[in-house]
Amino acid sequence: MLECQRLGCRVKRHIFKTIYFAAIFMLLVLADSLFCNLSLYYVASRTKKNLSVLPNRGTSGARQIPLNSVTEEAEGGYSEDHQRNFNPPINVTAEERIYWFRKVLPEFDILKSTRVTQQFEGRVRSFFEGECESRFFMTWISPANYFGRREFIAMDSLFTVHPNGCLIILSASLDSRMGDRILKPFQDRGFRVLAVAPDAPFLLKDTPAESWFDEMKSGRKDPGEIPIAQNLSNLLRLAVLYKYGGVYLDTDFIVLNKFSRLRNTIGAQSVHPVSGNWSRLNNAVLIFDKNHPLVYKFIEEFALTFDGNKWGHNGPYLVSRVVDRVARRPGYNFHVLPPLAFYSVDWNRIGTYFQRPTDSFTSKWVEAKLLQLGKEAYGVHLWNKQSRKLKIEPESIIAKLILDHCSICDNVYTS
């Protein structure tokens, strides 16, 4: 009797173990299936997002040098998550931020001179050997899949007004297969545009910012709360103008008239209402000769007064400080254009340019403004930080400007 009970217990324990392990196995199968489905959904959604940045892209693009690494080409530069890791921590001390910066420093490719970036000088020189009516430069520090319709429209307007111009985009993310697809519609129409990963050490060599850059690379300097890439964009635009000369444009600038008659020029963003003298300049548009002394002063000011915690300190406020100091000194030879030239509307009123007229009064205002811009403005800054969520409404100022200054003209109202 006792032996039978023991046997029954052993049988029950055996059945229990079988059921237990079967249950665990089923849970593992379900979890694996769920994980695979979620992963496939994530990949599909990311792929759909990347492929819908711009319509009418080709499947390949001509390149002048061998392709980058497979990973870099597949991703089109930095991913969103990768970029997010480079955003400095907030509400910490300078010492804590420097400690964080030293930990992530090995991943900051923008600070390095690599096999790809070391080809920068040769590629730029070769690109400019062809005939260029004007030399244009832009910078793009975000992932390639962030390069959207607004930026595409800005390039479209540039080449519509300057069909024989040459544009170089300083960008590691666009120097990729995805970047090739973005630029292909322009290249297919014969426009000369090249995205090239910048070589910051080369561009800053023998400039006042070279020692600042070396100190930043060493991890001894506080990068500040503003992402260092944004501040480097302010510096690289100055460095590339100093090295090569030409026109720098932000990627949210609609070109309306030729720049060929402009030399050594910067634009006022605002003026004093009484005196009419400029009160603030902006660095979204810069036109300067190679080795211009004012650009040298801009670079010097960047290195001497760098502050990574104040928005605009190393950009618009920097050029304003320097021009205010040197304006009455001999030897600088530059021009300051009134706001209408580049900044006909300020950032807090840019929405009026996107709205369609609602009555006869606003219709007349739109027509008068378009006539004024066509005669007196070289372009319009869209202040994309403030306007990126605004829809371009039919019959609005922006809609008409774009349609009158585009060659490809795709999906204007979805921008």
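**Entry: W383.** I looked up W383 and found it in the loop between β9 (379-381) and α16 (384-387). The model is a predicted one. I read the phi of W383 as near 50 degrees, a positive value in a residue other than glycine. I noted that because most residues other than glycine have a negative phi. Is W383 buried or exposed? W383 has 8% relative accessibility, so I put it down as buried.

**Entry: D206.** I turned to D206, which sits in the loop between α8 (200-204) and α9. The phi of D206 is near 65 degrees, again positive and again in a residue that is not glycine. The cut-off for exposed is over 50%.

**Entry: disulfides.** How many disulfides does a search of the whole structure find? I counted two. Counting bonded cysteines along the chain, I get the pattern 1-2, 3-4.

I took C132 and C166 next. Their sulfur atoms are 1.9 Å apart, and the two form a disulfide. The pair links distant parts of the chain, 34 residues apart. I placed C132 in the loop between α5 (120-128) and β1 (135-139). I placed C166 in strand β2 (residues 166-170). The angle about the S-S bond is -95 degrees, and the link of C132 and C166 is left-handed. I then looked up accessibility for both ends. C132 is at 22% relative accessibility, so it counts as partly exposed. C166 is at 0%, so it counts as buried.

I went on to C406 and C409. A disulfide joins them, with an S to S distance of 1.8 Å. Which hand does the link of C406 and C409 have? I found 105 degrees about the S-S bond, and the link is right-handed. C406 has a relative accessible area of 13%, so I list it as buried. C409 has 31%, so I list it as partly exposed.

**Entry: α9 and α10.** I moved to helix packing. Two packed helices are described by the angle between their axes and the distance between the axes. I looked up both for helix α9 (residues 210-218) and helix α10 (residues 228-244). Their axes come within 13 Å and cross at roughly 165 degrees. α9 and α10 are therefore roughly antiparallel to each other. I noted the crossing of α9 and α10 as left-handed. Which residues meet here? From α9 I have W212, F213 and M216, and from α10 I have I228, L232 and L235. By class, the contact of α9 with α10 has six nonpolar residues, no polar and no charged ones.

**Entry: α11 and α12.** I recorded a right-handed crossing of α11 and α12. On the α11 side the contact is made by L294, K297, F298, E301, F302 and T305. On the α12 side I listed L318, V319, R321, V322, V323, R325 and V326. How many residues of each class does the contact of α11 with α12 have? I got eight nonpolar, one polar and four charged.

Note on methods: Residues are numbered from 1 along each chain as its sequence is written. This is a predicted model: local features need pLDDT of at least 70, side-chain atom pairs count only at pLDDT 80 or more; totals for chains, interfaces and linings use all residues. Side-chain values use heavy atoms; hydrogens and water are left out. A crossing is left-handed if the near helix is turned anticlockwise from the far one by less than a right angle, and right-handed if clockwise. Helices (H or I, at least four residues) and strands (E, at least two) are DSSP runs, numbered from the N terminus. Contact means heavy atoms within 4.5 Å. Ala, Val, Leu, Ile, Met, Phe, Trp, Tyr, Cys and Pro count as nonpolar, Asp, Glu, Lys and Arg as charged, and the others, Gly among them, as polar. Axes are lines fitted to C-alpha atoms, for helices over the stretch in contact, and angles run from 0 to 180 degrees between N-to-C directions. Angles under 35 degrees count as roughly parallel, over 145 as roughly antiparallel, 65 to 115 as roughly perpendicular and the rest as oblique. A disulfide is a pair of cysteine sulfur atoms within 2.5 Å. Buried means under 20% relative accessible area, exposed over 50%, partly exposed in between (1.4 Å probe, protein chains only).
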